[in-house]
Amino acid sequence: MKKGIFSVAMALAAGLLVSCGTAAPKANLNGANKVDSLSYAMGVSQTQGLRDYLVARMGMDTTYMAQFVEGLLEGSNADDKQNAYYAGTQIGQQVANQIIPGITGEIFGDKAGKLNEKNFTEGFLAGVAEKGLKMEPAKAQETAMSLMQSIKENSDSTADLTAQIDTFSYAMGVAQTMGLKDYAMYRLGVDTAYYATEFAKGVKEGIKAGDNAKQAAFYTGIQIGQQVNNQIIPGITRDVLGANGELNKEFFMAGLVAGVTGKGLLMHPMTAQETTMRLMEEIKNERFEQEFGANKAQGEAFLDSIANTEGVVKTESGLCYKVITEGKGAIPANTDRVKVHYRGTLIDGTEFDSSYSRNEPTTFGANQVISGWTEALTMMPVGSKWMLYIPQELAYGSRDLGEIKPFSTLIFEVELLEIVE
């Protein structure tokens with residue numbers, strides 16, 4: 001038996017964009033600040049390819065785009081109770097439109113037999129609600145497995161086979177709910193307080209909706225709207241604006257709706273994408289300047305001090321280096337691969353990386369590292385050991401790499417062992 005046939009949670013995880021009210025949102029970009037402009041542009045840019053996805057992957061009939069938008073706005077403002085219900089509707093539709101047809105095709109192929117959908121649905125709903133079960137999920141899986149092969153191999157329509165199909169259908173319905181609760185909690189964000197009530201109610205409604213294209217468009221909008229609310233907006237806020245920032249949700253949703261419907265757009269999608277990238281960079285840099293500007297000042301003061309130390313050379317780019325050991329070998333070109341030992345620290349002495357600690361040299365292209373390294377490597381003869389004092393603009397700049405905070409000046413002890421052929 002194919003394992004996937006028993007796991008609705010796995011089937012859903014493989015193929016769904018699970019995603020997240022109700023008045024149509026509006027945006028006015030005249031005099032808008034950077035965050036508001038980013039919010040709108042980001043909303044528009046999120047719709048690149050979305051329409052094709054809705055048709056090809058979610059089977060939506062674009063005739064019902066109005067219902068999709070209605071669901072989109074509803075889902076984006078859903079509370080925990082509504083989230084549970086709407087998550088249930090998407091599972092129910094998946095069951096009706098994919099799981100049941102998939103099992104039917106797997107078991108019966110082109111034979112005349114048919115899954116007892118009523119029994120399957122009864123078993124599935126009992127498994128979700130966790131009450132009224134005629135058999136426990138583990139027993140249901142065992143029963144379904146034991147009946148499946150005989151049903152697949154038997155092509156007659158005797159009463160015994162009909163009874164087997166009825167039992168198999170119920171057992172398979174129950175078995176499909178194994179792992180579903182964890183999936184609903186951890187992947188769909190369902191509050192367990194509403195799992196056996198609102199979620200189960202949503203599953204029932206979703207199954208009942210079946211292939212009703214108008215209802216399906218609304219539920220599809222709900223899914224996308226939930227993802228927007230629960231994942232996309234929080235993710236953008238966290239990555240770009242930080243803990244104290246807040247994206248303008250109304251502007252974001254206005255851009256998203258305009259982008260997916262093609263109506264009332266305040267900027268072309270390509271312009272929106274360019275605007276998004278530009279403003280994200282500007283806003284992040286401004287935030288990092290405020291949060292980590294001290295790093296830059298401390299680094300500049302440190303470099304000014306070190307540049308006046310005996311034996312330290314400062315290049316036009318701002319790189320400072322000191323020769324510890326002068327090698328006699330060839331000097332790498334920036335296209336060469338080199339083998340080095342190194343140790344990296346912050347200016348306060350905190351070590352963040354070391355090949356010495358790993359007892360293993362590192363090999364890489366001389367032009368595949370930060371520009372301060374590339375500049376130094378293409379001046380070092382093989383066999384040299386240098387101390388490098390790298391200003392933030394030749395290192396990682398405004399990037400936050402955990403231990404290496406934005407605008408950090410870095411110190412490296414670098415030993416060039418060989419040019420790798």
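**View 1. The buried residues of helix α2.** In α2, the buried residues are D36, S37, L38, S39, Y40, A41, M42, G43, V44 and S45. Buried means under 20% relative accessible area, exposed means over 50%, and partly exposed lies in between, with a 1.4 Å probe and protein chains only. Because 10 of the 12 residues of α2 are buried, the helix is largely enclosed by the rest of the structure. What covers these buried residues includes α11 (213-241), α12 (249-261) and α13 (269-307). Contact means heavy atoms within 4.5 Å.

This is a predicted model: local features need pLDDT of at least 70, side-chain atom pairs count only at pLDDT 80 or more, and totals for chains, interfaces and linings use all residues. Residues are numbered from 1 along each chain as its sequence is written, and side-chain values use heavy atoms, with hydrogens and water left out.

View 2. Helices are DSSP runs of H or I with at least four residues, strands are runs of E with at least two, and both are numbered from the N terminus. Helix α2 covers residues 34-45. The expected span of a helix is 1.5 Å times one less than its number of residues. For the 12 residues of α2 this gives 16 Å, and the end C-alpha atoms are 16 Å apart, which agrees. N33 caps the N-terminal end: a side-chain oxygen of N33 lies 3.1 Å from the backbone nitrogen of V35.

**View 3. Helix α4 against α11.** Two packed helices are described by the angle and the distance between their axes. The axes of α4 (residues 65-76) and α11 come within 6 Å and cross at roughly 35 degrees. Axes are lines fitted to C-alpha atoms, for helices over the stretch in contact, and angles run from 0 to 180 degrees between N-to-C directions. From α4, the residues that meet α11 are Q67, F68, E70, G71, L72, E74, G75 and S76. Their partners in α11 are K214, A217, F218, T220, G221, I222, I224, G225, Q226 and N229.

**View 4. G88 in helix α5.** G88 sits in α5 (residues 80-108). Its relative accessibility is 0%, so G88 counts as buried. Leaving out residues up to four places away in sequence, G88 touches F199, G202 and V203. The C-alpha atoms of G88 and I306 are separated by 63 Å; the two residues are 218 residues apart along the chain.

**View 5. Q93, also in α5.** Q93 is found in helix α5. At 7% relative accessibility, Q93 counts as buried. Q93 touches Q98, G206, I207, A209, G210, A216 and Y219, not counting residues up to four places away in sequence.

Technical notes. A polar contact is a pair of N or O atoms within 3.5 Å; within protein, one must be able to donate a hydrogen and the other to accept it, and residues adjacent in sequence count only if both atoms are side-chain atoms.
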